[in-house]
Amino acid sequence: MILAVEELAARLNRRFGGKLVHGPTKVGQITVELPAQNLLSVCKILKEAPEFAFEQLVDLCGVDYSTYGQADWQTEDASRLGFSRGVDPRAYEEREVNRPRFAVVYHLLSLKHNQRLRLRIYAEGDPPRVASVVEIWNSANWYEREAFDLYGILFEGHPDLRRILTDYGFIGHPFCKDFPLEGKVEE
C-alpha cells in the first residue's frame with residue numbers, strides 16, 4: 001500500500017509540478033492542496049487521464065478554520081466523563097495562521113487503481129467562493145449544496161445552488177463556528 005501511495009505522489013509531481021502542494025500522507029491516502037484557480041483544470045485531468053482515473057467523487061465538504069489552533073480543549077486532566085483528551089498539549093499552542101477561513105475538501109476514488117486522493121482548496125473572498133465541479137463529477141451537486149447551506153460557500157457555475165438541509169427562510173449557516181449555539185431566533 002505504501003508503494004502505491006508513493007507511486008501516486010510521483011505521478012502527481014510529474015504531471016502537475018508546482019500546481020499542487022503535498023500535505024500529510026495518512027492511512028494510505030495523499031492530501032494535496034491546490035490554488036482555487038487551478039481546481040477545474042486539475043480535476044478534469046485527475047478524472048480523464050488514464051494514469052489517475054479518479055472517476056468517482058466520494059465526498060465533498062466544507063471546513064471552517066476560524067478557530068484553528070486555539071486552545072479550547074487544553075487540559076492536563078481527564079474530562080468530566082473520565083476520559084483523557086488524548087491530545088499533545090503542544091498541539092494547541094497559540095499561533096498565527098495566515099490562510100483563508102474556509103476550505104473545500106474533495107475525496108476522490110480511482111476504482112481502476114484502487115487509490116484515494118484528498119484535495120483541499122481554500123475558498124477566497126467574502127462570501128467564500130470556489131468553482132463548481134458538477135460538470136466533472138455529477139455527484140458534487142448535492143455535496144456542494146450542502147456546503148453552501150451549512151457553511152455559506154458559493155460554488156460558481158453550480159446549476160441549482162440553494163439550501164438543502166435548512167429551511168428556505170433560515171438565516172445564517174449553522175456549521176460556521178461563529179453561529180450561535182442557540183441559533184438565531186425571532187425576538
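With which side chain does the side chain of serine 132 make a polar contact? The partner is glutamate 144, at 2.6 Å; a polar contact here is a pair of N or O atoms within 3.5 Å, and within protein one must be able to donate a hydrogen and the other to accept it, while residues adjacent in sequence count only if both atoms are side-chain atoms.

Before going on, note that this is a predicted model, where local features need pLDDT of at least 70 and side-chain atom pairs count only at pLDDT 80 or more, while totals for chains, interfaces and linings use all residues. Residues are numbered from 1 along each chain as its sequence is written, and side-chain values use heavy atoms, leaving out hydrogens and water.

Serine 132 sits in the loop between strand E6 (129-131) and helix H3 (140-151); helices (H or I, at least four residues) and strands (E, at least two) are DSSP runs numbered from the N terminus. With a relative accessible area of 8%, serine 132 is buried (buried is under 20%, exposed over 50%, partly exposed in between, with a 1.4 Å probe and protein chains only). Beyond its neighbours within four places in sequence, its contacts (heavy atoms within 4.5 Å) include Leu40, Phe155 and His158.

Now let's turn to the largest nonpolar core, which has 39 residues; such a core is a set of buried Ala, Val, Leu, Ile, Met, Phe, Trp, Tyr and Cys residues joined through side-chain atoms within 4.5 Å. Helix H1 (2-16) gives the most to this core, with five residues. Leu119 is among the residues with the most contacts inside it, and Leu119 touches Cys43, among others. Cysteine 43 counts as buried because its relative accessibility is 0%.
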